[in-house]
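Let's walk through this structure together, starting with single residues and working up to the whole chain. Keep the model open beside you as you read.

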Amino acid sequence: MRHAPAEILSALKKYFGYDDFRPLQREIVADALAGRDVFALLPTGGGKSLCFQLPALLRDGVTIVVSPLIALMKDQVDALQTSGIAATFLNSTLAGTEARERLRGLDRNQFRLLYVAPERLMMENFLERALNWNIAQIAIDEAHCISEWGHDFRPEYRELKKLRTLFPDVPIMALTATATERVRDDIVKHLELRDPRCYVASFNRPNLTYRVVAKSSAYQQVLDFIRARPNESGIVYCASRKSTDALAEKLTRDGIKALPYHAGMEPRERTRNQEAFLRDDARVITATIAFGMGINKPNVRFVIHHDLPKNIEGYYQETGRAGRDGLPSECVLLLSVGDVVKQRRFIEEKPEHEQRIARAQLRDMIGYAETRQCRRAALLKYFGEDWPNQSCDSCDNCLEPRETFDGTVPAQKFLSCVHRVRQKSGFNFGINHIVEVLIGAETDAIRQRGHDQISTYGIGREMKRKTWQAIGRELTRLGLIAVAPGKFATIELTPAGRDVLKCRASITLTKPGETFDKDKRKLAGAIECDEVLFEQLRSLRRRLADERDVPAYIIFSDASLREMARTQPSRLAHFAAIPGVGQQKLKSFGEIFVKEIADYVLSKSSAE
């Protein structure tokens, strides 16, 4: 059955409250309704879910959505039900009677969408029952999990290849936000997609700003950043479970409600912490990479990487959890030489055949972190996309190009100190010890090893410890110093470093970027509005969400609230024009919000 474009747009407004599609959504929806197999790569926040949800509402039968994380299914289904859509999920959190009731509903064709984990879907008795349902489409979300070349491979996803044999006439849609060309080919091949229409959207997220900051005192840097954004919610990614727990504990002690999330926690506690974050009961979640796939919280305003990620795919997907509502959001990576060493050590623990790929991925990640060029251009290039502009106006290298200076003398001092310390002791030391020698610190380690007797002791007193650390990192980036192999993060001169020391060649260095200051210019996606009214509407939204036992963003996104605070609609007809206000939400919440806005406008005019 063909669907007219006007009918599709009408359903888009009715159920989701939008007047038009995001890039590629229209084409993907049209192909899905025509019964074609589809592969879609859309960035996080690019509207992947709508690509299978909207077709599910325009035809008979049920769309089965394969989703990897149990905890997120309820969130997706709550959002659909709030918009008046018949959706359900099946997973191990349900009591037996509830699961049986939902299965009976599926037998009676009561649902348009069913969310299910791959393990559950591929159980023999489940598949037997599913054969009796009128299945309109199978949508496989987070499809990169199928590929062994993907950054988040999951063996249970490989079983999904049987779906083509079991349901030969059912169209399959595979969706992901992060995949290199090799991974894309692997997904299409493994799922046996038939002559699929393949859509690859731009990887660019214009509303995100990217910064890399030299890690000096990591906890204080994170704390200062979060305190400067008192009403904003964010994620801090850490490399280890231990640092995840410690960071959450410290932040809470300093007055910021933070909760940890990692694979070492009890599943119930993990789910509880995630739920608290989704509902804004916790402002910050500190997490390992175990957290985040499919997270639907649109108002994450910042993502901080406390430690260096192991690859760009993971970094891109994790930063992509910020600003899903299209409003300006920040991504900050703290970088230190020690983090690079740790990642190399992790790689050495992997099986030999995995080490080659892991090393190449880490090299790419370090290259991104240390580049002086536009970070947006570097990210897009990694995924095979060109950035045509000179400047993106929303990364540290474009917003605040770092000043360069003649660093010949400090470079000579640093390199000479590395050489003298090695000469004195017969082995290498870490960057921090070299800095301590340069600034003439009086430590036991220096005295015991006689490093207060060498010619370079104290020759760098004119500069701060942080400045010397930054110089050490840049000399490493320039290839004049290398991190020595072995258990400890020691540094040594490279042949190029020895040549520079011998020839006294001139060296240009860059002043480090160590600021978290927000940029004052208007960033992509910004909606300027009455901030006092916006906060009032947020409070109202929170109250309504608590009454319904759902996360606040399921009522309306921050983008919708800001639009309300900007246009201040006084009638329901005007309120219906706000993006995100569909038919059901207009009926459920329209009068309450219009009254809140009217009361605010009245009180403001009385005060004036």
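A residue is called buried when its relative accessible area is under 20%, exposed when it is over 50%, and partly exposed in between, using a 1.4 Å probe and protein chains only. By that scale K257 is partly exposed, because its relative accessible area is 42%. Before going further, please note that this is a predicted model, in which local features need pLDDT of at least 70 and side-chain atom pairs count only at pLDDT 80 or more, while totals for chains, interfaces and linings use all residues. Residues are numbered from 1 along each chain as its sequence is written, and side-chain values use heavy atoms, with hydrogens and water left out.

To find K257, look in the loop between α11 (241–253) and β10 (258–261). Helices (H or I, at least four residues) and strands (E, at least two) are DSSP runs, numbered from the N terminus. Contact here means heavy atoms within 4.5 Å. Leaving aside residues up to four places away in sequence, K257 touches T252, D281, A282, R283 and V284. D280 is 23 residues from K257 in sequence, and their C-alpha atoms are 9.7 Å apart in space.

Q25 lies in helix α2 (residues 25–33) and counts as buried, because its relative accessibility is 4%. Beyond residues up to four places away in sequence, Q25 touches G46, G47, L50 and C51. N125, in helix α7 (residues 124–130), is exposed, with a relative accessible area of 52%. If you trace from N125 to M463, you cover 338 residues along the chain, and the two C-alpha atoms are separated by 70 Å.

Now to a whole helix. Helix α10 (residues 218–227) is mostly covered, with 7 of its 10 residues buried. These are A218, Y219, Q221, V222, L223, F225 and I226. They pack against several elements, including the strands β8 (208–214), β9 (233–237) and β12 (300–305), as well as helix α11.

How do two helices meet elsewhere in the chain? Two packed helices are described by the angle between their axes and the distance between the axes. Axes are lines fitted to C-alpha atoms, for helices over the stretch in contact, and angles run from 0 to 180 degrees between N-to-C directions. For α18 (residues 408–425) and α19 (residues 431–438), the axes come within 10 Å and cross at roughly 105°. The two helices are therefore roughly perpendicular to each other, a label for angles of 65 to 115 degrees. The contact is made by K413, F414, C417, V418 and V421 of α18 together with I431, I434, V435, V437 and L438 of α19.

Let's turn to the interior. A nonpolar core is a set of buried Ala, Val, Leu, Ile, Met, Phe, Trp, Tyr and Cys residues joined through side-chain atoms within 4.5 Å. The largest has 111 residues, and L54, L121, W133 and I140 have the most contacts inside it. Apart from that core lies another, of 31 residues, among them L438, I446, L480 and I491.

Finally, step back to the whole chain. It has 26 helices and 18 strands, and 56% of its 608 residues count as buried. Its C-alpha atoms fill a box of roughly 85 × 70 × 45 Å, taken along the principal axes.

Methods. Angles under 35 degrees count as roughly parallel, over 145 as roughly antiparallel, 65 to 115 as roughly perpendicular and the rest as oblique.
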